[in-house]
Amino acid sequence: MLKYIAKRVAIMLAMLMLVSTMIFFLFRAMPGDATAFIVDPSMPPEARELMAERYGLNDSKWVQYTIFMKDLVRLDFGNSFFYGRPVTDLIKERMPATLILMFSAMIIAYLIGVFGGAWMAWKRGSKLESAGVTFSLIFRSAPTFWVGLMMILVFSARLRWFPAQGMRTSGYSGDTFAEIFLTLDFLKHLILPSIVAGLYFIATPLLIMRNSMLEVLSEDYIEMANAKGLKEKTVLYKHAARNALLPVVTAGALFIGSAIGGQVLIEVVFSWPGLGREIVQAVTRHDYPLAQGAFIMISALMMFMNLVADILYAVLDPRISYK
Amino acid sequence: MGKTVDVASEKKPPVKRKDSQGIIALFLKNVRKDKIALFGAVLLIFFIMVGIFADFIAPYEIRDRHYNEEGKIRRLEPPSAEHWFGTTDVGRDVFSQVVLGTRTALMVGLLAALLVTFVGSTVGIISGYFGGTVDAVLMRIVDFFYAIPFIPFVIVLSAVLNPSMWNIILAVSMLSWRTVARLVRSQVLSIAKRPFIKAAKVAGAGHTRIMLKYILPNVIPLILLEMAFMVNFAIMAEASIAFLGFGDPNAASWGQILHINFVTGNSRNAWWWMGPPGIAIVLLLLSIFFLARALEEVVDPRLRRR
């Protein structure tokens with residue numbers, strides 16, 4: 001097992017190098033002069049030249065690439081053109097916001113999905129079941145950014161229940177983690193975006209749980225439990241649901257991985273100061289270092305979650321063994 | 001000898017070659033049986049019709065600015081008899097834009113899905129059939145593409161290439177074939193082990209012939225199902241990219257309408273402008289999901305969706 005994990009981590013690092021190489025050259029192929037965004041156009045060309053020199057934009061692509069890779073190993077992504085600060089610091093600042101939003105969305109989706117899915121399997125063939133499937137498909141078909149805009153329209157603009165933008169009311173500033181994230185104000189800001197993301201994710205746990213339950217419910221031991229005269233609820237949640245959970249859990253880790261990238265849209269709509277929104281802005285501003293750094297970071301997170309999914313699978317299901 | 005035959009037939013039912021005729025017949029039978037699938041079919045035909053005849057249905061040019069009797073621009077007017085979905089901040093007709101957007105969505109969805117399923121199933125069949133080194137190499141490539149975050153990558157690629165519909169199709173396809181490849185491969189792995197493939201090999205059939213004539217027909221239902229999901233995926237991706245402002249500025253697309261609505265700050269008041277394109281996306285995607293249900297039963301009644 002340990003050997004397997006070590007091998008997977010090694011592959012992961014190699015993949016990360018490849019992804020970084022790809023993203024490096026992709027950005028260098030971008031049309032437009034990067035200095036145009038750092039230097040005020042009204043400044044003389046000499047100033048622009050100086051700036052390009054300072055950021056190493058005049059070196060050959062190969063020299064730039066070797067420097068980039070050397071820095072990458074030390075987790076140094078350089079300085080952001082736009083903010084003029086180290087990219088690593090910026091990523092560290094944005095990361096908690098992205099992760100918190102993502103996990104609250106997952107909790108919402110999983111709470112409803114797991115119990116709802118189990119219940120739907122129990123009531124298979126009924127009208128309620130097909131209503132549940134349709135409900136989850138509707139939210140899978142609706143673009144998250146649009147649902148977000150509608151929610152803002154209804155709950156923020158009309159009803160004024162929740163704030164529509166950002167992570168905190170303007171004027172409020174906190175320094176420590178607790179001051180920023182453990183306040184009622186933050187919670188209020190978190191509710192709408194996490195519901196929107198949660199509704200989009202819900203189809204995954206709901207449908208997997210339902211299918212997995214259907215399979216488990218046809219097993220002999222469920223019949224046995226029923227024959228013993230156990231209560232319906234006991235059979236459903238104690239005997240069946242526990243065993244049906246396995247594929248849902250592993251799918252969850254995989255899903256978190258892909259959700260990080262998809263959350264970009266929700267962050268943009270709600271002006272959520274996370275990594276995803278930063279990447280969109282960085283691309284529009286031609287801020288290569290920041291966009292590269294954020295991209296590599298998201299990619300690393302995805303790979304890590306894939307690894308977690310595989311390990312979870314092996315740990316939870318003793319029938320599976322890795323060599 | 002009799003024993004081995006028994007075991008084989010007990011574990012796996014004799015493979016009935018479903019040719020394309022059979023799949024379509026079975027699919028149509030399911031559609032007729034399943035009311036929801038039938039609803040999906042009707043809805044999809046409606047969208048396709050709107051897409052084809054968009055030029056005739058749209059009452060105005062999408063860029064035309066409309067003026068009222070007093071000669072003032074009809075800014076942000078709610079729906080009326082002349083403008084069914086109201087007007088935008090510069091007096092453009094929302095209804096015409098939504099109608100024209102149907103065509104973009106269908107084009108992107110269909111073309112990207114075709115490209116994705118073609119590449120994905122080719123890789124999947126080759127990988128599953130040959131196994132060994134070929135499989136290992138191809139699956140590492142698939143792994144690589146699984147490690148790239150989708151939306152951020154498409155944003156970067158759309159920024160590098162010129163914003164156009166074709167580049168969006170390319171960007172979406174580049175990252176989506178991996179899913180199809182993986183699913184088709186796992187199906188091919190189990191098919192390649194079955195006796196009739198061995199029989200074909202013994203009879204002297206070449207690799208290409210076996211893959212095309214014996215393996216492909218057995219994975220076609222799965223490929224078609226994946227294609228349906230890919231259409232949805234591509235439409236959603238196009239809308240998302242256009243919403244973020246990396247879309248083709250010259251094409252009317254649902255994402256583009258929402259992008260302009262959002263950046264001009266009208267998403268909180270002009271519900272008639274923001275609602276229709278979103279509802280159109282939901283309905284189109286739902287119609288395909290519903291239709292896919294009938295197809296899903298053809299593939300495998302217990303098939304798990306992600």
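This is a predicted model: local features need pLDDT of at least 70, side-chain atom pairs count only at pLDDT 80 or more; totals for chains, interfaces and linings use all residues.
Chain A consists of 323 residues, of which 40% are buried. Its secondary structure comprises 15 helices and zero strands. When contacts in chain A between residues at least 6 apart in sequence are considered, 73% link residues at least 24 apart. The chain is divided into two domains, with domain 1 covering residues 2–73 and domain 2 covering residues 87–316. In the contact between these domains, 14 residues of domain 1 of chain A meet 12 residues of domain 2 of chain A. On the domain 1 side, helix 1 of chain A (residues 2–28) gives the most, with 10 residues. That side of domain 1 is made up of 11 nonpolar, two polar and one charged residues.

A:S271 is not a glycine, yet has a positive phi of about 45°. The residue lies in the loop that runs between helix 13 (264–269) and helix 14 (275–284) of chain A. With 14 other C-beta atoms within 10 Å, A:S271 is partly exposed; the count falls between the limit of 12 or fewer for an exposed residue and that of 20 or more for a buried one.

Chain B has 306 residues, and 45% of them count as buried. It contains 12 helices and zero strands, so that the pattern along the sequence reads α-α-α-α-α-α-α-α-α-α-α-α. Along the principal axes, the C-alpha atoms of chain B fill a box of roughly 95 × 45 × 30 Å. Of the contacts in chain B between residues at least 6 apart in sequence, 73% join residues at least 24 apart.

Two helix pairs of chain B were examined. In one pair, helix 3 (residues 35–52) packs with helix 12 of chain B, their axes being 7 Å apart and at an angle of about 135°. Helix 3 and helix 12 of chain B are therefore oblique to each other, and the crossing is left-handed. From helix 3 of chain B, the residues in this contact are B:I36, B:A37, B:F39, B:G40, B:A41, B:L43, B:L44 and B:F47, and they meet B:L283, B:L284, B:S287, B:I288, B:F290, B:L291, B:R293 and B:A294 of helix 12 of chain B. By class, the contact of helix 3 with helix 12 of chain B has 13 nonpolar, two polar and one charged residues.

In the other pair, the axes of helix 7 and helix 10 of chain B cross at roughly 60° and come within 11 Å. This angle makes helix 7 of chain B oblique to helix 10 of chain B. Helix 7 of chain B passes helix 10 of chain B in a right-handed crossing. Here B:I151, B:V154, B:I155 and B:S158 of helix 7 meet B:A237, B:S240 and B:I241 of helix 10. These residues divide into five nonpolar and two polar, with no charged residues.

The contact between the chains involves 38 residues from chain A and 34 residues from chain B. On the chain B side, two or more residues each come from helix 6 (132–146), helix 7 (150–160), helix 10 (207–243), helix 11 (254–263) and helix 12 (271–299) of chain B. The side of chain B that touches chain A has 26 nonpolar, three polar and five charged residues.

Technical notes:
Residues are numbered from 1 along each chain as its sequence is written. Chains are lettered from A and ligands numbered from 1 in the order in which they are written. Domain bounds come from an automatic or database domain assignment. Two residues are in contact if their C-beta atoms, placed from the backbone, lie within 7 Å. Helices (H or I, at least four residues) and strands (E, at least two) are DSSP runs, numbered from the N terminus. Ala, Val, Leu, Ile, Met, Phe, Trp, Tyr, Cys and Pro count as nonpolar, Asp, Glu, Lys and Arg as charged, and the others, Gly among them, as polar. Axes are lines fitted to C-alpha atoms, for helices over the stretch in contact, and angles run from 0 to 180 degrees between N-to-C directions. Angles under 35 degrees count as roughly parallel, over 145 as roughly antiparallel, 65 to 115 as roughly perpendicular and the rest as oblique. A crossing is left-handed if the near helix is turned anticlockwise from the far one by less than a right angle, and right-handed if clockwise.
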